[in-house]
Amino acid sequence: MMGILTKFFGISGEADIKKLQPIVEQINSLEPEFEKLSTEELKNKTGEFRKRIADGASLNDLLPEAFAAVREASKRTLGQRHYDVQLMGGIVLHQGKIAEMKTGEGKTLVATLSAYLNAISGEGVHIVTVNDYLSRRDAVWMGEIYNALGLKTGVLNHDASFLYDPAHEANKEEDKERDQLGSFKVVHEFLRPVTRREAYAADITYGTNNEFGFDYLRDNMAYTESQVSQRGHNFAIVDEVDSILIDEARTPLIISMPDAESGELYKIFSKIVPRLKKEEDYKVDEKQKAATLTEAGIEKIESILGIKDLYTERGMRYVHHLEQALRAQALFERDINYVVKGGEVIIVDEFTGRLMPGRRWSDGLHQAIEAKEGVRVQQESRTLATITFQNYFRLYKKLSGMTGTASTSAEEFHKVYNLEAAEIPTNRPMVRMDKEDKVFQTEAGKFKAVAREVKERHEKGQPVLIGTVSIEKNERLSAILKREGVPHELLNAKNHEQEAEIIAQAGKKGRVTLATNIAGRGVDIILGGNPFSTVESEKVKEAGGLYVLGTERHEARRIDNQLRGRSGRQGDPGESQFFVSLEDDLMRIFGSEKIKNMMGSFGIPEDEPLEHKLVSNAIESAQGKIEGLNFDARKHLLEYDDVMNKQRKSVYERRKKVLYSSDEEFKEIYKTYLGEEVTDEILAKKEEELKDSFLPTLRTYLLRTIDLLWMEHLELMEYTRSSVRLRAYGQRDPLVEYKNEAIRLFRELEGSMSANFSNSILHLGEHTHPGEKKHEVQIIAPPSNKNEVGRNDPCPCGSGKKYKKCGMLNTEEHQKNLAKK
């Protein structure tokens, strides 16, 4: 079986790992030699390696010595020596693969090996983490190793950026605290605030996928070189690679600005939609996460609004607001999909249970939910720049990652990113017991059984970690445990740093910790508590080790495996088990009717479980179905974004040439954008008027013209994407139609750039300085034949809309208006 998987999906087996053994032995043989080096000599090794690279040596030639240097630096600073299996993990990362390593195997330490080796070239290494807290923690914790080898470490956070600096504000006591508690506590005194550009200029930069992605988009909206932060995409190590490259890959990164449109329509429809009845007025497809109106529903809305035909009288704008209000009402639930906090609607990440402040749903959905909850409706936004995570991470010359659970998604890693996964053996044998699921008829019965089980384990002194899928379920179970008199810690993934400190102590004797699935992710749970105590650890081992209890199966098997993996680190004893009910979303939507009928006919009490192979198979089958659906959704998003990606690269390449060109080069560049109407005489006159500011002004105008038209193009492509779906009814492939439309629209965009830039030059100097808001670049269509309609002209059908948003897309309203004529 492993041979088949290796062949098709690139999972490296035992044979491939054995090939790494000679390199590991070579590194081990260098250990005595590196132990003899003084602190200064060890630091000078980096300079020596850099000189050898300049002389033609490859990174592979340097690997054994570089890894030996990192291991020695780690021993001297952190008191931690890389195991042989960790060296293997480091080699796999350097090869541009995914290192699949179980929880507790020290992935954070593994990253230092390949990060150092690839940073020697001076082109920079990006280490991608799942949240801001982990990027700070890892930089402070591992920064000591890099500093001992003469490298700089940068950190990117949502609202600040830092450099690791041992001389900043730290003292010996703080250094000791960092060495003892660095696995979960961030000693901020080691971080010196710097600009984002300085953080990227460091040899190794830690940050989240969002920060790296958004900085890339911002850099491609910069108007001066000094505003650009990133210096290239050389090598990235993605921690929790499955979470970042797969779970979050359905959501593209979008930079937007508020649109002037009022939120009144959202408020109107938020009052109308609750009057509709499910099934009668609208239908919900929970598998596809879609809600559609029935004929009766449309008639009811027309009656409430006092109009005869919603589609022709009020147009697509009303229909759009209505559809979003319906989605907000039927598909999105408070405290599951979002929370309301401080008068704002904040998204809850469905995979991690974390709050995502600053992120908003697009297409007006967020505004519809704000109207539904009665909070202030923020203005709709216009997209300025966007990219999917798939296409951002493909920018890197070399990409690698680490996770404990890659095998279930090996196919997607291989197809989308061309990444192979290599399973690294554990340092000590795994002895954790993974028990069969217990299945209950009702959720209430399941929670009763959970409380009973937890109370029993708590009384015998065994630590328990309970995983839930949402904040709402977490708080509900917490109330039940309180009634049962079970003391516990509650974590909702709201404060990563504080929660990391709590989860680090979840291995203490008798401790009960209730957390959303991935609260405190990235922090090891050490039996007996952290820092380690042999006496306390033995007491917990006698009680059976950490017991992980999952209260619901997740859509993805990986998330379940990650929860199980919190127990049984480094050969420790432990147990894991899932309690599920037929009322859980997974079973309700995708589960088999056979099981539901069987439990009903047997008359099993609600808090008594059923344990049967049929049930386990049904759960795995349901998870397989959802993973398949989600893979298709990501693949679908990527197919469309690949079309946009070619255009994005072309536009961003144009911007770079304009931004980075010398004055002489720029003179040649801007002339390629000029129309016939801009003569040499006009240019000479404008140059005379503006003198020294002529070229800088032109550069700003050209960049702004590209940006404004690209923004219009993104909007138009989104409309096009929505409209081509309808062409499937005419037996035409929507993707092929989208590609054809994209080519035509991009040609028009190129023509518009020339027309708009020429128009700007003709009016240059007539109004105000380009930096002032009064002078905006007017968006005009490229010159067209007399019989052709320009994309920004009024549509000839009489809808009152621009041609690009009506006739060009051949909308239903456009067709009806032409039929009337």
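Which residues in helix α4 and which in α5 meet each other?

Reply: This is a predicted model, in which local features need pLDDT of at least 70 and side-chain atom pairs count only at pLDDT 80 or more, while totals for chains, interfaces and linings use all residues. Residues are numbered from 1 along each chain as its sequence is written, and side-chain values use heavy atoms, with hydrogens and water left out.

From α4, the residues that meet α5 are Thr39, Leu42, Glu48, Phe49, Arg52 and Ile53. On the α5 side they are Leu59, Leu62, Glu65, Ala66, Ala69, Glu72, Ala73 and Arg76. Sorted by type, the residues of this contact are eight nonpolar, one polar and five charged. Contact means heavy atoms within 4.5 Å. Nonpolar covers Ala, Val, Leu, Ile, Met, Phe, Trp, Tyr, Cys and Pro; charged covers Asp, Glu, Lys and Arg; the others, Gly among them, are polar.

Helix α4 covers residues 39-54, and α5 covers residues 59-77. A helix here is a DSSP run (H or I, at least four residues), numbered from the N terminus. The axes of α4 and α5 lie 11 Å apart, and the helices pack at an angle of about 165°. An axis is a line fitted to C-alpha atoms over the stretch in contact, and angles run from 0 to 180 degrees between N-to-C directions. The pair α4 and α5 therefore counts as roughly antiparallel. That label needs an angle over 145 degrees; under 35 is roughly parallel, 65 to 115 roughly perpendicular, and the rest oblique. α4 and α5 cross in a left-handed way. Left-handed means that the near helix is turned anticlockwise from the far one by less than a right angle, and right-handed means clockwise.

Helix α5 also packs against α6, which spans residues 84-94. Their axes are 12 Å apart, and the angle is about 140°. That makes α5 oblique to α6. The crossing of these two helices is right-handed. α5 contributes Leu59, Asn60, Leu63, Phe67 and Arg71 to the contact, and α6 contributes Asp84, Leu87, Gly90, Ile91 and His94. These residues divide into five nonpolar, three polar and two charged.

Another partner of α5 is α7, made of residues 107-119. The axes of α5 and α7 come within 9 Å and cross at roughly 135°, so this pair is oblique. α5 passes α7 in a right-handed crossing. The contact joins Leu59, Leu62, Leu63, Ala66, Phe67, Val70 and Ser74 of α5 to Leu109, Thr112, Leu113, Ser114, Tyr116, Leu117 and Asn118 of α7. It holds ten nonpolar and four polar residues, and no charged ones.
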